[in-house]
Amino acid sequence: MLNKKFSGGGFVFAEFAIALPLLILLGWGLATVGMKIFYLGKIQLADYVLEEEVHDVLSRLVYDARAAKSLEAVNGAPLLTFTYRTIKESNAIDGVILSSSEERVYVLAGGLGKEGSKINYKRIEEYLGNPITGDNYFGQTRVTQFEFKKFDDKVLHVTLEMQSEVTGHKIKMSTAVYMPGCESFYVY
Amino acid sequence: MNSLKNQRGFMLLNVIILTLITSFAAMILLNAAPRIKNPQAAIRLTAIHLANEKFALIESKAASGVFDLNCPINSEDLTTENFSEGNQIEFTVSTTDNPSGNLHRVTVKVEWTVEGRKDFVEVERTIRVVE
């Protein structure tokens with residue numbers, strides 16, 4: 001009676017005994033691959049943020065430099081100041097000509113190579129920091145090198161190196177810009 | 001034999017589920033592989049900034065009336081280690097000129113090789129030589 005009722009039961013057991021380890025192995029493999037993908041994604045985003053921030057600072061800087069009337073760069077700080085002169089005629093009767101200058105400043109906050117150091121971009125009258133690097137949700141960065149050199153007559157050479165605090169990867173880019181309207185050029 | 005006939009549905013289901021799981025794993029692995037090669041874009045950006053450096057030097061010379069394609073770039077900028085896993089990538093810069101009057105259409109080509117694969121960027125700018 002018993003034998004007739006459970007005939008073929010051994011097959012189900014054998015099938016299960018083979019399939020279960022296979023399933024466990026596959027599940028484990030999938031979990032590992034899934035974790036790896038999340039990890040790669042995290043690294044990739046952090047790298048992308050790093051690359052983007054270096055490129056963004058350099059391209060802004062080049063854009064600002066092209067129209068600058070004067071430039072003052074301090075390598076120790078590091079601090080970079082562009083000045084643009086805007087001349088306004090305030091009163092036609094008095095004939096008084098007021099000249100006011102406008103400055104744009106790139107300044108490092110937090111110290112070179114220090115955790116969370118970032119580049120602030122501001123007008124000199126405003127003392128509020130306006131960070132253009134760091135504080136990114138996808139990966140914090142720090143500035144490890146920000147250097148200025150005077151090349152030819154009116155050519156500013158900039159080197160910027162930043163490091164991601166998530167991956168530890170460093171990226172360094174250098175460029176130079178010719179400033180046609182530059183009248184005074186000081187690099188300390 | 002008789003007992004196997006009764007388990008056909010179960011075997012079929014098993015084969016289908018296992019195939020699905022395996023193909024899913026293979027699909028994920030195939031998608032994950034190309035992610036590692038992406039940072040190539042960082043090298044391209046570095047090369048573009050290097051080309052701009054060359055332009056800045058040519059423009060500066062041109063503003064004083066000299067047209068010189070051979071002005072030397074900062075030698076440190078000709079190598080990069082951006083996302084190169086410790087290997088140094090070397091850039092070679094070549095410049096060609098297409099003049100018409102005192103306007104020069106200058107093309108800067110920056111070339112590099114990563115793991116035997118050659119790549120390059122070409123940037124063009126028109127520069128006026130002051131007379």
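**Close-ups of a two-chain predicted model**

**View 1. Asp97(B) sits across from Val106(B), which belongs to E4(B).** Strands here, like helices, are DSSP runs numbered from the N terminus (helices are H or I with at least four residues, strands are E with at least two). E4(B) covers residues 103-114, and nine bridges tie E3(B) to this antiparallel neighbour. Two strands count as paired if DSSP finds at least two bridges between them. A word on the ground rules: this is a predicted model, where local features need pLDDT of at least 70 and side-chain atom pairs need pLDDT 80 or more, while totals for chains, interfaces and linings use all residues. Residues count from 1 along each chain as its sequence is written, chains are lettered from A and ligands numbered from 1 in the order written, and side-chain values use heavy atoms, leaving out hydrogens and water.

**View 2. Chain B has an open, antiparallel sheet of three strands, in the order E3-E4-E5.** The edges are E3 (92-100) and E5 (117-128) of chain B, each with pairing on one side only. From one strand to the next, the twist averages 20 degrees. H3(B) packs on this sheet and touches E3, E4 and E5 of chain B, and its direction makes about 30 degrees with that of E5(B). Touching, or contact, means heavy atoms within 4.5 Å; for the angle, axes are lines fitted to C-alpha atoms (for helices, over the stretch in contact), and angles run from 0 to 180 degrees between N-to-C directions.

**View 3. Chains A and B meet, with 36 residues from chain B and 36 residues from chain A in the contact.** About 3,100 Å² is buried between them, and carbon and sulfur atoms give 66% of that. Buried area is the accessible area (1.4 Å probe) that two parts lose on being put together, summed over both.

**View 4. One salt bridge spans the two chains.** Its partners are the side chains of Arg66(A) and Glu59(B), at 2.9 Å from N to O. The term means a side-chain nitrogen of Lys or Arg within 4 Å of a carboxyl oxygen of Asp or Glu. On chain B, the elements giving two or more residues to the side that touches chain A are H1 (2-6), H2 (8-32) and H3 (40-63). H3(B) gives the most, with 14 residues.

**View 5. Inside chain A, Glu165(A) and Arg142(A) form a salt bridge, with their closest N and O atoms 3.4 Å apart.** The two are 23 residues apart: Glu165(A) lies in the loop between E6 (155-164) and E7 (170-178) of chain A, and Arg142(A) lies in E5 (residues 141-150) of chain A.
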